[in-house]
Amino acid sequence: MKLIEVTDLKKYFPVRKGIFSKSDKYVHAVDGINFSVEEGKILGLAGESGCGKTTVSKLLVRLLEPTNGKILLEGEDIAHKKGKKLKEFRKKMQMIFQDPYGSLNPRFTVMDTVAEPLIIQGIGTPEEREDAVAKALDIVGLKSPEEFLFRYPHELSGGQRQRVAIARALVIEPKFVAADEPVSMLDVSIRLGVMNLMLELRDRLNLTIVFVTHDLACARYMSDEIAIMYLGEIVEIAPTEELINNPKHPYTKALLSSVPIPDPSEKRKRIEVKGRVSTPIDPPHGCRFAPRCPHVTAKCKKKDPHNVRVSDKHLVACHSFKS
Amino acid sequence: MSLRRYTVMRFIQLLVTFFIVMTLIFILFRLMPGDPGVFLISPKMSEAAKETIREQFGLTKSIPEQYIFFIKNTLKGEFGDSFYYGRPVKDILFEKILNSIVLFTFGAILAYAIGMTIGKIIAWKRGSKTDTFFTMVGLGFWTFFPPWLGLILIWIFSYRLDLFPLGGMITPDVWAFNPTLSQKIIDFLHHLALPLMAYVLMWFAGSMLIMRNSMLETLREDYILTAKAKGLKDKVVRDKHAARNAMLPVVTSFSMSIAFSFGGGVLIETVFSWPGIGRTIVDVTLLQDYPLAQASFMVITLAVLIANFAADIVYAYLDPRVKY
Amino acid sequence: MGIIEIENLKIYYKTVKGYVKAVENVSFNIEKGETMGLVGESGCGKTTIGMSIMRLLPRNAKIIGGKIIFEGEDLIKKREEEMEKIRWKEISMIFQAAMNALNPVYKIENQILEAIYAHENISKKEAVERVSRLYSLVGIDPRRAKEYPHEYSGGMKQRAVIAMALACNPKFIIADEPTTALDVMVQDQIISEIKEIQKKLQMTMMYISHDISVIAETCKRIGVMYAGGIVEYADAIPLFKKPLHPYTKALMNSFPSIKGEKKKLTPVPGEPPNLLNPPSGCRFHPRCSKAKSLCRKKAPKFVEYQHRHFVACHYVG
Amino acid sequence: MKIIRGKSKTWDLFIKSTLGKVGLGLLITFAIMAVLSPIWIARNPQIYDPLTGKDPNVFGSIPPTMAHPLGTDQLGRDLLSQLLKGSQIAFLVGISVGVFSTSIGTLIGLISGYYRGKIEIVLMRLTDIVMTLPLLPLLIVISGIFGRKDIRMIVLVLSLAGWTLAARVIRSQTLTLKERPYIESARVSGASNMRIIFKHIAPNILPLTFLYMTIGVTYAILTEAGLGFLGLSDPTISSWGMMLQWCFMSGYTFKALYWMIPPGLCISALALSFYLVGYAMEEIVNPRLRER
């Protein structure tokens, strides 16, 4: 069953110009993307900084309202829901953030932080909430919750903070979690622990996760499927191993070739890509990657590429690929 | 955006602000119970003269028309005649504002130069005895009550040591008998010394403390480490890299504190009988010379706005990143 | 004999809560023309070592003991004025956060010229020419030297910082996380740029990073640090083929890769220790699966277990 | 529990700072003076009332005696009474202006930082304009126009003009706090704007608010004293600024140091004590100022 399904999702931000005048220029942060995630699966959303992956995660949990498009959560469109109706849906979705230092209010105890979603949603009595908090802390591996309940964030280590943030996300038993680079600021030995925890929780609670990352190795480790973003568009989406071993889009190939390998005896073939990412402000027609693409043709500069099916679940948006 | 365009934008902002302040004053003066004419019409005038003034300032007309008259007159510099001096307000103001500008400009430049120099040195030697000493002195002077500071300076340097005159800007006796230019200058500087000292003592502390804090933050920047790693001498790192960047917040705070500084200026001018705009506004208010009081306030506001504008332009010039 | 030899280096930081024992008995040497990598998690002391070689430690840091011998002379004994001459001319640095390593209010060209003038008495024409040569070397259009840092992208700033580090032809360069803040593709370009320049100029380098894959790609010889000490020091290929220290093994097992089989990885249990009060004996013992009572009591010696392969563990192998 | 623990940490740091201790010590001294004022006057209001009292045995200003530990003014009024009463007035003016202006500033800062958009632009332009108003000249002109000099009006004008700095700083702080993930995290859970402002942002801004309150108090004390010195403060009260003015106007300035020194010293010292408390606070609130 598709838990979340996104069609033609767009988010444009106006470029702020002057005091009272809004400019007619827009940053096309997310420009018409489509994907769906099966219940209990993890989708890795990967790309370089500025490609729009964080915006997508914020759209999914409706921190932002999309400019256009549909976001179906369990079949119901939440793209433009407001007020009470949106609040109702918020019980089903949560988000985990990158910065373990910023994701907890420094003036809230662990108890306050983890219980907050329950309080906002008006779930349970104080005693029930306390039990729920203790249970959530236990799930994320903070054993003996009484030791943590009344601590402040500055009394916790980075790894513990991120676990508290995860406990908070899980306490209302959501169906869907958007995780925005949840491990990129953690040290290696802790990073793996948190990733393993998320995998384990997915299995135990049948969670559906969109895992946003710039690190393809982490994306591979975590995801069932990976979508590669470039300048607001998904250029390629496929099951993880298929994407890693059989990339079709020139950008995906270049990106994969630039990931360093933790083995000095291995020599990787680098695919050098010229130029820089162009600006997302009112991009011209045609393939966004065309100015940097080694296989660029005249068609690429004129016409937007459509998704081409490589195999059942492997889609690529490139003119040079013929199925 | 270029510096020129920024300057133009900032200048337009200045005009808008001044316009709003003018409106505010207009409202303020109309808020007062009774005939608004009292502010422009001296009780001593003849009926005919009163009538002329009413015409001239549109006081017989409706409030919106009065407003337009008011704005027009202000822009032309027509504030009527001073009740007390019996002369056009603009002639008196011109002289007074010049006297103030001399004192204010010298005072500000000296105070900021001294404050920033000491500030950067003590920040560089943070935690040392020099640092503690100057921080304490700075905190003390920063909250010194300005007129009291003036009185103490007069007591020490004029009353006890008899080094400087008690007040005023010139000695009438000297100026009455065809003095040479150098005599004039010396006499003027002699009078300028004490009020200037009061100004400097009052203000150096603020710039010093801000410079110190700003330096402490700048010193943690990576580019300071780079500068040291490049093998540059300490003094070069301190002055060329740290102080240059630390200046920026000081300039900002200068532009924000100008209005407040003018308040201190009023008190200093009063204590030292300095014939500037600050003392004028106090005197004429006590004398109920409304045209002059109103105009003085507007001139002071305009001066603040211009000083503010200048500080912002300096800032934009100092910081290549300003691109609003 | 190496170009730089570090013996029993010990550095503490004084804080309100007590002394942070940041670096404890670190010894290693780097041969001329070699690229040495220092890898470890944040707070393990790798940056402190880099900074101590430059003698640029923060004010609250103190070198308690040891020697830093550069070309036969102990840098710790040098006076500040002597160090000023050595910095950048003999040893230069590529900084961690290139974004902030450039002063925002000066044009980049002037910032490089300043370094050249501080050490060499050459004409402006020559110096400017050198800047454009450096710019070409690191792959930036030399005309852009006259711009301010905020006009550069992240990757360009990093290149400019590399150009600056090369300005005085130093004998030894310390690169402290030079690519950490960059995107993969830019990181990749910068790494290959650094490797190429290193080969071309036959430079000696120390490359500091938390990312073991970056170190694996750039360095011939690798030191693995944990909680203030080097636990293992060896040539890259043998180190990866057969790591000896339990921490090195654990660290290598903590990085997922995009190559090879996808497998479940097991993390090191626990968290890195607080160096205000480090564990007794071997600092890794509380997290080590092989720890015995000896590990708790006695710090292991750093010994050459095999040729050019040093390790600090009581139970090697 | 939460508040106490949060505060005690700040307090621990505060009490470690020498400047903070000096400031607090001075503050307590002046508070004691304010408390002693009615007791001292009540001994004999005919002699010791700061405004209407007069010692029949005294002619002109006299130096300190047993009956008048600080001497008297030219009308034979007791200077100690005036000084003690002055500390009451200074606290009253300082703290009320501090509280009012900082409340306004905090509110404007919070609103403009949180809601952004047009509200922010309007409020920040307003802040810029109010900031460029020279306050003391404004007060002088207002007191001239209205003729009636009333301490409540002075407090009102000072409050209405003195919030700008706090508003600016709190706005920029709100802007950064707003982007913190914990705020977004609360929003994902469905928290309302009110909950976010008052539960999440406001408590984190409180130390800053307190800091700007101390600055506001300092500025109010100095400005009110300035008005008093110019003879434009409320004539029905006796403030330190007015004491100094009476001294200056009666020509005793340099002849009677016992008269000239205490009020000026008190104004400066009380302003300093609030400023020191704020300064010590800032080193805690702004950890970037702390030595690493």
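Q: Buried area is the accessible area, taken with a 1.4 Å probe, that two parts lose on being put together, summed over both; on that reading, how much area do domain 1 of chain C and domain 2 of chain C bury between them in this predicted model?

A: Between them the two domains of chain C bury about 1,600 Å², with 74% of that area on carbon and sulfur atoms. Domain 1 of chain C runs over 4–79 + 175–312, while domain 2 of chain C covers 91–169, and their centres, taken over C-alpha atoms, are separated by 28 Å. In terms of contact, 21 residues of domain 1 of chain C meet 15 residues of domain 2 of chain C.

Q: What makes the pair E193(C) and R159(C) a salt bridge?

A: The closest N and O atoms of E193(C) and R159(C) are 2.7 Å apart, and the criterion asks for a side-chain nitrogen of Lys or Arg within 4 Å of a carboxyl oxygen of Asp or Glu, so the pair qualifies. The count between domain 1 of chain C and domain 2 of chain C is 1 salt bridge, alongside 4 residue pairs in polar contact, both residues of each pair being at pLDDT 80 or more.

Q: Which elements give two or more residues to the side of domain 1 of chain C that touches domain 2 of chain C?

A: They are α1 (46–54), β7 (172–176) and α7 (184–201) of chain C, and α7(C) supplies the largest share of that side, with 8 residues.

Q: Why is K53(A) called buried?

A: The relative accessible area of K53(A) is 6%, and because buried means under 20%, K53(A) falls in that class. K53(A) is found in helix α1 (residues 53–60) of chain A, and its side chain reaches the backbone oxygen of E48(A) at 3.5 Å. Not counting residues up to four places away in sequence, K53(A) touches a set of residues that includes L45(A), E48(A), E181(A), H214(A) and M229(A).

Q: How do you know that T127(D) is buried, and what surrounds it?

A: T127(D) has a relative accessible area of 0%, which is under the 20% cut-off, so T127(D) is classed as buried. The residue lies in helix α5 (residues 117–132) of chain D; leaving aside neighbours within four places in sequence, T127(D) is in contact with W163(D), T164(D), A167(D) and R168(D). Its C-alpha atom is separated by 30 Å from that of A191(D), 64 residues apart along the chain.

Q: What makes the link between R195(D) and E116(A) a salt bridge?

A: The closest N and O atoms of R195(D) and E116(A) are 3.0 Å apart, which is within the 4 Å limit, so this Arg and Glu pair is called a salt bridge. The count between chain A and chain D is 2 salt bridges, and there are 14 residue pairs in polar contact between these chains, both residues of each pair being at pLDDT 80 or more. On the side of chain A that touches chain D, the elements giving two or more residues are β6 (93–96) and α3 (110–121) of chain A, with α3(A) giving the most, 6 residues. That side of chain A holds 15 nonpolar, 6 polar and 10 charged residues. The contact takes 31 residues from chain A and 25 residues from chain D, and the area buried between them is about 2,500 Å², of which carbon and sulfur atoms give 55%.

Q: How many salt bridges and polar contacts are counted between chain B and chain D, and how much area do these chains bury?

A: The area buried between chain B and chain D is about 4,800 Å², 77% of it on carbon and sulfur atoms; within chain B, F145(B), W148(B) and R220(B) lose the most area to chain D, together 16% of what that side buries. The count between chain B and chain D is 0 salt bridges, and 4 residue pairs are in polar contact, both residues of each pair being at pLDDT 80 or more. Elements that give two or more residues to the side of chain B that touches chain D include α1 (3–31), α8 (181–218) and α12 (290–318) of chain B, and that side has 38 nonpolar, 11 polar and 4 charged residues.

Note on methods: Residues numbered from 1 in each chain as written. Chains lettered and ligands numbered in written order. Predicted model: local features only at pLDDT ≥ 70, side-chain atom pairs only at ≥ 80, totals over all residues. Heavy atoms only, no water. Contact = heavy atoms within 4.5 Å. Polar contact = N/O pair within 3.5 Å; in protein donor to acceptor, adjacent residues only side chain to side chain. Helix = DSSP H or I, 4+ residues; strand = E, 2+ residues; numbered from the N terminus. Nonpolar A, V, L, I, M, F, W, Y, C, P; charged D, E, K, R; others polar. Buried < 20%, exposed > 50% of the residue type's maximum accessible area, 1.4 Å probe, protein only. Domains from an automatic or database assignment.
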